[in-house]
Amino acid sequence: MIEAVLAGAVRGGSSILFAALGETVSERAGVINLSTEGSMLCGALAAYATAVETGSAWLGVLAGAAAGMALAMLFAAVVVFRAANQLATGIVVLFLALGVTSLLGRDYVGQGVDGFTRWDVPGLSDIPFVGTVLFAHDPLTYLALLAAPLVWWLMFRTTPGLMVRAAGERPEVLVATGHSPNLVRLAAVAAGGLLAGIGGAQISTALALNWSENMIQGRGFVAVALVIFAAWNPMGALAGALFFGGIESLQLQLQAEGVSVPADLLNALPYLATIAVLVLFSRRRLHAAPDGLTSVFETSP
Amino acid sequence: MTAGPAARAAARMRPGTGLVRWLAAIGAGLAGFALFVAIAGGSPAAALQAIWSSTVVDAVGPGEVLVAAAPVILCALAVAIPAWAGLWNLGGEGQLVVGAIGATVVSQALPSSLGSWAALPLLLAGGAIGGALWCAIPAVLRVTVNLNEAISSLLLSYVALRLLDYLVNGPWKDPRSLGFPQAEPLPDGHRLGGLDWLPVAGGGRLHTGLLIALAAVAAAVVAHRHTTWGFRLRVVGGNGEAARRGGLPVKRLIVGAMVAGGALAGVAGMVQLSGVEFQAKGGIAGAYGFLGFLVSWLVRHDPRWIVLAGIAIGAVRVGGDALQIDANLPAASVNVLLALLLLAILARGRGRRRSA
Amino acid sequence: MSRLVRIPATLGAVLALVLGVAACGDDSSAADSGTSSSEKTVKVGFLYVGPKDDFGYNQAAYEGSLEVAKAFPNVEIIQAENVPENAEAERVMERMISQGATLIFPTSYGHLTPAVNVAKKHPDVVFVHQGGLEPDPKLPNLGTYFGTVYEPVFLAGMAAGKATTSNKLGYVVAFPIPQTLANVNAFELGAKAVNPEATTTVVFTASWCDPAKQAQAANALISQGVDVLTQHQDCTKTIIETAEAAGKKSVGYHYDASSLAPQGWVAGSEWNWGPLYTDIVKTFLDGSFEGSKYDGDYRVGLQTGDNPFVQSPFGPGVDQETKDAIAAAKDEIAAEGVFAGPLKDQSGDEVVPAGTTLTYAEVEQMDFLVEGVVGKLPK
C-alpha cells in the first residue's frame with residue numbers, strides 16, 4: 001500500500017511541481033503570480049486541443065507551454081511595465097483564463113485524446129518498490145522530477161539564474177551591468193508560465209486524459225503556497241509537491257482499501273500543513289525571501 | 001512612499017484626468033468585450049443591451065444588483081481596513097464562510113420562537129465573531145512569527161470551505177434534503193427582513209443586509225478619516241518602522257485591523273445566510289471574497305468609493321445571467337467581461353515604474 | 001515608451017490575445033443562437049448546474065432541450081449553464097420569467113429550493129424540477145420528475161460481474177448521497193446476481209468534477225486489483241480513459257462513452273430525456289399541467305413506464321448469454337424492483353426483509369451499503 005501511495009504522490013504531484021518550479025523562478029525575480037492557476041488551465045486546454053488535432057501529445061506539451069507562457073506574459077506586461085498590483089492583477093488574469101478556456105474548450109469536452117501513456121524506464125522499473133514508485137509513470141512525470149534539479153542548477157549556478165535573482169534582490173546591480181531589471185522580470189515570469197503550462201498539460205494529457213472547464217481545481221494556488229513552503233528553493237518545491245500529491249493519494253488509497261476516512265478534513269490537511277511548515281520554519285524563510293517580494297505585499301498600488 | 005494610499009486615491013478620484021482615465025478604461029473594456037462577442041459569433045448590441053436591460057430596465061434588476069453588491073461591499077471593507085495598515089487580507093472568502101458557520105451555530109442554539117429583534121443581532125454577532133476569529137489566525141501569525149498574511153489567509157480560505165463541506169455533509173445535514181448537503185432552513189425569525197417596499201427593489205428580494213453593508217461603509221469612512229485609530233493604521237501602513245519608533249503599538253494595531261476586517265467578512269456571511277440563502281450550504285461563498293478584494297484594490301481601499309465599485313461588480317454579476325438568457329452567450333462570457341474591464345482599468349495606471 | 005503609446009499597447013496585447021483565441025474556435029454559440037422569429041410564441045427555460053457540454057449529466061439534459069425545440073416549432077428555448085446551487089439560481093429564473101418564460105426546467109437537485117421560492121412568487125409560471133420532491137404543502141405550479149437511475153445500473157452491474165476476472169469492481173463516487181448509494185448498491189447486487197464472488201469497492205472524491213482526482217482514485221482502485229471501473233461523477237471521461245489506458249474495463253454513466261474505450265467498454269447507463277421532456281412540454285402546452293401526473297413527484301422506472309435512464313450499448317466482450325440474462329433481469333425488475341428482500345447491509349443486518357421491496361420513495365432515502373460493497377460511509 002505504501003508503494004501505491006508513493007507512486008500516486010509522484011504521479012499526482014508532478015503537475016503541481018511544474019507550476020511550483022515556475023512560480024519559484026517568477027518569485028525569485030520579485031514577481032508573485034497568482035494566475036499560475038490560469039497558466040495551468042491554458043496549458044491544459046492548449047495541450048489537449050493540440051493533441052486531439054495533431055495526434056501528437058508532445059506537440060500538445062509545446063502548445064501547452066506556449067499558452068501558459070502567453071498568459072503569464074500578459075500578466076507580466078501589466079504588472080512589470082504598468083506597475084499594477086501583482087496580487088490583484090493575478091486574480092484578474094485568472095478570471096480571463098477561466099473565461100477564455102471555458103469558451104474555447106467546449107469543442108474538446110467530448111473528444112478522446114491519444115495522450116501520454118505509462119512508459120516504464122527499462123531496467124529501473126523492475127527494481128522492487130523503487131521501480132513502482134519512481135520509474136513507472138508517464139514521460140511528463142519524469143520530466144518534472146528532472147526539472148527540479150535542473151531549475152535549481154539554472155537558478156544558482158548559471159548567469160541567467162543570477163540575473164533572475166538579482167532582479168528580485170539587487171536590481172541596481174543589473175542596471176549597473178547594463179541590463180533591464182524589467183526585461184529580466186518579464187522573462188522570469190514568462191518562464192514561470194511556461195512551466196505552469198506544462199503542469200496543466202500533464203493533468204490533461206497524461207494524468208486525467210480529459211479536458212473540462214476549471215479542471216485545475218485550485219492546484220495552481222497550492223503551487224504558489226508551496227513556493228513559500230519551499231523557501232524559494234526548487235528542491236524544496238519537489239518535496240512540497242510530493243507531500244501534497246501524497247496526501248491526496250493516501251486519502252484515496254485508504255478508501256480503496258476499505259478504510260473510512262474523514263475526506264473533508266483530510267482534504268484540508270495540505271493547506272493546514274503548509275501553514276504549519278511556514279510557521280515552523282518562518283525565521284529561515286524570512287531570510288530566504290527575495291527582497292523584491294517584500295514590496296509586493298505593500299499595499300501601495 | 002510619500003503619501004498614504006488613501007490620499008492618492010482621493011487625488012485619483014478628483015474630476016479631471018483621473019475621471020477621464022476611468023471612463024476611458026471602462027469604455028475600452030466594454031469595447032474589447034463587444035469585439036470579443038462579435039468574433040465569438042454573437043451580437044455585441046444584443047450583449048450590451050442584455051446587460052443594460054437586466055440591471056437597469058428590468059423591474060427587479062436594480063434590486064438584484066444591490067442584493068449582489070451587499071456581500072461584495074462588506075468583503076471589500078474586509079480587505080480595505082487591513083490595507084490601511086499595509087496588510088493584505090486575501091482570505092475574505094473563508095472569513096465569509098466561517099461567518100456563515102458562526103451565524104448558523106447561533107441560530108441552532110437559539111429557540112426558533114425568539115423574536116427577530118433579539119435573534120438577528122445575535123446571528124450578526126455570531127457571523128462577525130466567526131469571521132474575526134478566522135482572520136485573527138493570519139494576524140497573530142503575522143505579528144508572532146512574521147508569516148505573510150496574504151498567503152496564510154488565502155490558504156485558510158480553502159480550509160474554511162472544507163470545514164463547511166464537512167458540516168453540511170455531516171453533523172448539520174438536513175435529513176429532509178434527500179441527501180443534498182445543506183443544513184436545515186433558518187426559522188422565519190432568523191431571517192433578515194425584506195426591503196421590497198423600496199421602489200428600487202421592484203418587489204424583488206432586496207433585504208436589510210444592504211443597510212448593514214451601508215452602515216459598515218459609513219462606520220469605515222468615519223474610522224478612516226476621523227478617528228485616531230484610522231490615523232494610526234495609516235501611519236503603520238505608511239511606514240511601520242517609523243510607527244514603531246514613534247511609540248505606536250504596531251502589533252496591536254495590525255491584529256486589530258485584521259480582526260475588524262475579518263468581522264466584516266463574517267457579517268457578509270451572516271447577510272448571505274439570513275438574507276439570501278436561508279440555510280448553510282457549500283455554495284454560500286459565491287466568490288464574493290475574491291470580488292471584494294478586487295473592489296477594494298480598484299478604489300485603493302478608500303471606503304467612500306467601495307459602494308460604487310461594489311454596485312458595479314454586482315451589475316456585472318447580474319448582467320452575466322442576461323448574457324446567457326437574452327443574448328445566448330456561454331456562461332464563461334461574464335468572466336471575460338469582468339477580466340477585460342478590470343485589465344483595462346489596471347492598464348490605465350500612471351505608468352509609474354518600479355524602483356529599479 | 002511614452003505613456004500615450006503604452007496604454008494602447010497594453011490594451012492591444014490584451015485584445016490580440018482574446019481575439020486571437022476567440023477566432024480559433026468556438027462556433028458553438030453561433031450555432032446555438034436560435035432565431036427568434038415571430039412564430040415562437042412560448043418560451044421554455046432550462047437551467048444547468050454545470051457546462052451544458054460536459055459529456056455527462058448536464059449535456060444529457062441540454063440534448064433533451066434540443067429535442068423539445070425540434071418537437072415544438074413554436075417553442076423557444078432559453079437557457080443558462082453553470083448556475084450555482086444557491087440563491088443565484090433564483091435570480092436566473094427571475095430573469096427567464098421577465099424574458100417571457102412560462103415553463104422552467106431547473107435540472108439540478110440544488111435548484112429545488114430556489115425554484116420553490118420563485119414558484120411561490122409567480123403562480124402563473126410552471127416549474128418542473130429534475131430529481132427533487134414537492135415542498136409541503138405542495139405547490140400547484142411546481143412538479144418534480146426523475147428516472148430510477150439504479151435500474152439500468154443494476155443491469156450494467158450484471159455485465160460487469162460477468163466481465164471481471166479478479167471479482168473486484170470499483171466505483172468512483174462524488175459524494176455519499178442516497179442517489180449515489182442506491183447506484184453503488186444496485187451495481188453490486190447486479191454483479192452478485194451473476195457472480196456471487198463479486199465485490200464492489202467504493203471511493204468518494206468529494207467533487208462532482210475533478211478529473212485529476214478521479215484519475216488518482218481510479219489508479220488507487222486498480223492497484224487493489226479492481227479490473228472493472230464505473231463512476232458517479234458529472235464529467236465522465238477520465239475514468240473511462242484511465243481504465244482503457246491501464247487495460248482495464250469500464251462501465252459508463254450519464255453518457256455513452258463507448259467510442260472512447262473500444263477495448264474495455266462493457267456496458268453503461270445514460271439519459272434519454274427527450275421523450276419525457278417533450279411529453280411534459282406537451283402537457284403544459286395543452287393547458288393541462290395542473291392535476292396531471294407531472295404536477296407532483298413523478299417517478300418513472302421499469303415498474304411504471306419508460307425510464308428516461310436507459311442502457312447504453314454493450315461492449316464487444318459481452319456474450320449473448322449475458323445479454324439474454326440481462327434482458328430477463330429487466331423483466332424481473334419490472335415485476336419486483338431492484339431492492340427486493342431479503343437484503344443485508346455491510347454489517348450483515350437485514351435492511352430489507354424477504355417479501356418486501358423498497359419503493360421509489362424509500363430508495364431516495366437510502367443511507368446504507370449492501371453486503372459485498374467494500375468501503376465505509378463517512379460518519
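Four bridges join strand 4 of chain C to strand 5 (residues 142–147) of chain C, and the two strands run parallel; strands here are DSSP runs of E with at least two residues, helices are runs of H or I with at least four, both numbered from the N terminus, and two strands pair if DSSP finds at least two bridges between them. This is a predicted model, in which local features need pLDDT of at least 70 and side-chain atom pairs count only at pLDDT 80 or more, whereas totals for chains, interfaces and linings use all residues. Residues are numbered from 1 along each chain as its sequence is written, and chains are lettered from A and ligands numbered from 1 in the order in which they are written.

Within this pairing, Phe127(C) stands opposite Leu142(C) in strand 5 of chain C. Strand 3 (residues 101–106) of chain C also runs parallel to strand 4 of chain C, joined to it by two bridges, and Ile104(C) stands opposite Phe127(C). Between strand 3 and strand 4 of chain C, the chain passes through helix 5 (residues 112–121) of chain C in a right-handed β-α-β crossover, a term meaning that, with the strands pointing away from the viewer, the path from the first strand over the helix to the second runs clockwise.

Five of the five residues of strand 4 (residues 126–130) of chain C are buried, so this strand is largely enclosed by the rest of the structure; a residue is buried if 20 or more other C-beta atoms, placed from the backbone, lie within 10 Å of its own. Val126(C), Val128(C) and Gln130(C) point one way from the strand, and Phe127(C) and His129(C) point the other way.

Elsewhere in chain C, an open sheet of seven strands has the order 12-10-9-8-6-7-15, with mixed pairing, and its edge strands, each pairing on one side only, are strand 12 (309–311) and strand 15 (373–374) of chain C. In this sheet, strand 6 (residues 168–173) and strand 7 (residues 199–204) of chain C run parallel and are joined by six bridges, with Phe204(C) as the bridge partner of Val173(C).

Turning to chain A, its secondary structure comes to 14 helices and two strands. Of the 301 residues of chain A, 65% count as buried.

Where the two chains meet, the contact takes 40 residues from chain A and 43 residues from chain C, contact meaning that two C-beta atoms, placed from the backbone, lie within 7 Å. Helix 11 of chain A gives the largest share of the side of chain A that touches chain C, six residues.

Methods. Buried ≥ 20, exposed ≤ 12 C-beta atoms within 10 Å, placed from the backbone.
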